[in-house]
Amino acid sequence: MTSDLTSHQLTAGRPPIPIDYHPIEGPARQLMVSGEQLHANACLYCGTDQQQLHTAGHAYTHSGGLAWVVVACAAHLALGRAEAAQYEERHADPAAARPDELPAH
């Protein structure tokens, strides 16, 4: 028996995978991703597999601590770099930090 289901349809029902994402630039953060995103077959941010994908950093799984190279489309790779630059600027000058980013006393 053959199946007309695509790979995306087969993995769509699977639960998201928690990872520690370490981008090329900027701070690490925790994300929930699909298997396609974890295996560098889709953009880490939007899930597209219809555009050229570029290395975006590494992901470490919570079960087993395996490291995976992850990818992003050009638009989200640029967005990630912009976010990293803003993060660096805010943390270099405490006066520039947003109130929700100030350390608790």
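These exercises treat a predicted model, whose local features need pLDDT of at least 70 and whose side-chain atom pairs count only at pLDDT 80 or more, while totals for chains, interfaces and linings use all residues. Residues are numbered from 1 along each chain as its sequence is written, and side-chain values use heavy atoms, with hydrogens and water left out.

**Exercise 1. Confidence**

Find the mean pLDDT of the protein chain and the share of residues that reach 70 or more.

Solution. Start with the term: pLDDT is the predictor's confidence in each residue, from 0 to 100. The chain has a mean pLDDT of 78, and 73% of its residues reach 70 or more. Next, look at residues 1-10, where the pLDDT is below 50. Beyond near neighbours in sequence, that stretch has 3 contacts in the model, a contact being heavy atoms within 4.5 Å.

**Exercise 2. The sheet**

State the order of the 4 strands in the open sheet, and explain which strands stand at the edges.

Solution. Strands (E, at least two residues) and helices (H or I, at least four) are DSSP runs, numbered from the N terminus. Two strands pair if DSSP finds at least two bridges between them. Here the order is E2-E1-E3-E4, with antiparallel pairing. E2 and E4 are the edge strands; each has a single partner strand, so one side of each lacks a neighbour in the sheet. From one strand to the next, the twist averages 45 degrees; for such angles, axes are lines fitted to C-alpha atoms, for helices over the stretch in contact, and angles run from 0 to 180 degrees between N-to-C directions.

**Exercise 3. The core**

Solution. A nonpolar core is a set of buried Ala, Val, Leu, Ile, Met, Phe, Trp, Tyr and Cys residues joined through side-chain atoms within 4.5 Å. Buried means under 20% relative accessible area, exposed over 50%, and partly exposed in between (1.4 Å probe, protein chains only). The largest such core has 12 residues, including Ile19, Leu38, Leu44 and Ala59. E1, E3 (53-61) and E4 (67-73) each supply at least two of its residues. E4 gives the largest share, 3 residues. Ile19 has contacts beyond four places in sequence, among them Val33, Leu38, Leu44 and Ala59.

**Exercise 4. Two residues**

Decide whether Thr61 and Ala40 are buried, partly exposed or exposed.

Solution. Thr61 lies in strand E3. Its relative accessible area is 10%, so Thr61 is buried. Leaving aside neighbours within four places in sequence, Thr61 is in contact with Pro18, Leu38, Leu66 and Trp68. Thr61 and Leu38 are 23 residues apart along the chain, and their C-alpha atoms are separated by 8.9 Å.

Ala40 sits in the loop between helix H2 (35-38) and E3. Its relative accessible area is 27%, so Ala40 is partly exposed. Although Ala40 is not a glycine, it has a positive phi of about 60 degrees.
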